[in-house]
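Please go through the model shown here. The report covers its fold, cavities, salt bridges and surface.

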Amino acid sequence: MLANFWCTSQCSWMLGYASKPSSSKYHHETDLETHSARELDQYAAFCADYVCRIGREPPLKVAQKVLATAMVYVKRVLREKGIGNAPRPDALCAAALLLASKVEEAPITMHALYAAFRMHAFAPLDSLGPEDLLKTEYFLMDALGGSLFLTHPYVSLKLILYDIQMLHLLDTSWSLVNDSFRSNLCLVHPPHAIAVAAICVAVLTQDTQESASEALQVLYKMMVNPEEIAHLCDDLVAVYNIDPLASRDALQLYRDAVERRSCRADTRQDTKASTSAPR
């Protein structure tokens, strides 16, 4: 965790996304032209689940913090570049894990990563080797603009629960934070706000009405916007209504996005040629 979230590049790009209108906060504009926000949410959930499947394979079994960092990397690349301008989702997720493990100082070997990758990668595999994952990692670093260090909600979560003396809610609220990375909430909302919202949901689902009321009063007195936290609680619960795409559907969506990108590029070239032709 960095010393001051508000002075980080993470805060800068997060505020930039938050200033966008409606669904474009979470998704690239070109993707929204051809797909609904729900479809893109399902694609994001698929990528998050895919990161977890690879990262939890026995050759790797990386820490949750590494998984969270990798998931944010994937979501940022999709938001910045669009699906059609990003690498294939299975390679993107594997490369994000590789980069995240280095940033979080829990490095994994390429041999172990590629072994886990082969268990879940899309067919055919003959065109994707370890060197392709390294190239995808370089693409990631360039697309992220060097903004690699992240603050996650976990530290704030434990500190807040300790302060309000409700550590019995740690497991439930921790699971809520984990599941929040299946959505794109981490692109717009500060980590401490997600932590507070997770505690609020845990309080409402586990504690008695009296203790829940007292806890919510304490939480709302913190340096957060109560209205924002209320909306964020709804969004956290809504995460469980997002069904991730099946692998074949995710791959088809990616291929469609790449094809549309090629068509747009051809159209621009034809337009440029026609305008530059002598009359």
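The sections below take these topics in turn.

## Basis and fold

This is a predicted model, where local features need pLDDT of at least 70, side-chain atom pairs count only at pLDDT 80 or more, and totals for chains, interfaces and linings use all residues. Residues are numbered from 1 along each chain as its sequence is written, and side-chain values use heavy atoms, with hydrogens and water left out.

The chain has 13 helices and zero strands. Helices (H or I, at least four residues) and strands (E, at least two) are DSSP runs, numbered from the N terminus. Buried residues make up 51% of the 279 residues. Buried means under 20% relative accessible area, exposed over 50%, and partly exposed in between (1.4 Å probe, protein chains only).

## Cavities

The model holds four cavities of 30 Å³ or more. A cavity is a set of points on a 1 Å grid, over the protein atoms alone, where a 1.4 Å probe fits but cannot get out; lining residues have an atom within 4 Å of a point. Points are joined across faces, edges and corners, and a volume is the space filled by probe spheres set on them.

The largest cavity has about 90 Å³ of space. Its lining includes Tyr 26, His 27, Asp 31, Lys 75, Arg 79 and Asn 184. Helix H3 (37–55) and helix H4 (64–81) each give two or more residues to this lining. By class, the lining has six nonpolar, three polar and three charged residues. Ala, Val, Leu, Ile, Met, Phe, Trp, Tyr, Cys and Pro count as nonpolar, Asp, Glu, Lys and Arg as charged, and the others, Gly among them, as polar.

The second largest cavity has about 80 Å³ of space. Of its 13 lining residues, Gln 10, Thr 151, His 152, Cys 186 and Pro 191 are the closest to its centre. Helix H1 (9–18) and helix H10 (191–206) each give two or more residues to the lining. Here the classes are nine nonpolar, four polar and no charged residues.

## Salt bridges

There are six salt bridges. Each is a side-chain nitrogen of Lys or Arg within 4 Å of a carboxyl oxygen of Asp or Glu. One of them joins Glu 29 and Arg 79 (3.7 Å, N to O). Glu 29 sits in helix H2 (residues 29–34) and Arg 79 in helix H4, 50 residues apart. Glu 29 is partly exposed at 36% relative accessibility, whereas Arg 79 is buried at 5%. Arg 79 also lines the largest cavity.

Lys 65 pairs with Glu 104, with the closest N and O atoms 3.5 Å apart. Lys 65 lies in helix H4 and Glu 104 in the loop between helix H5 (89–103) and helix H6 (110–120), so the bridge ties together parts 39 residues apart in sequence. Glu 137 and Lys 102 also form a bridge, at 2.9 Å between the closest N and O atoms. Glu 137 is in helix H7 and Lys 102 in helix H5, so this pair ties together parts 35 residues apart in sequence. Glu 137 is buried, at 2% relative accessibility. Lys 102 is partly exposed at 44%.

## Other sites

Helix H7 (residues 130–143) also contains Tyr 138. Tyr 138 is exposed, because its relative accessibility is 53%.

Arg 255 lies in helix H13 (residues 247–276). Arg 255 and Gly 84 are 171 residues apart in sequence, yet 7.5 Å apart in space, C-alpha to C-alpha.

Conventions: 1 Å grid on protein atoms, 1.4 Å probe; cavity = no way out; pocket = protein on both sides within 12 Å on 5 of 7 lines; lining within 4 Å.
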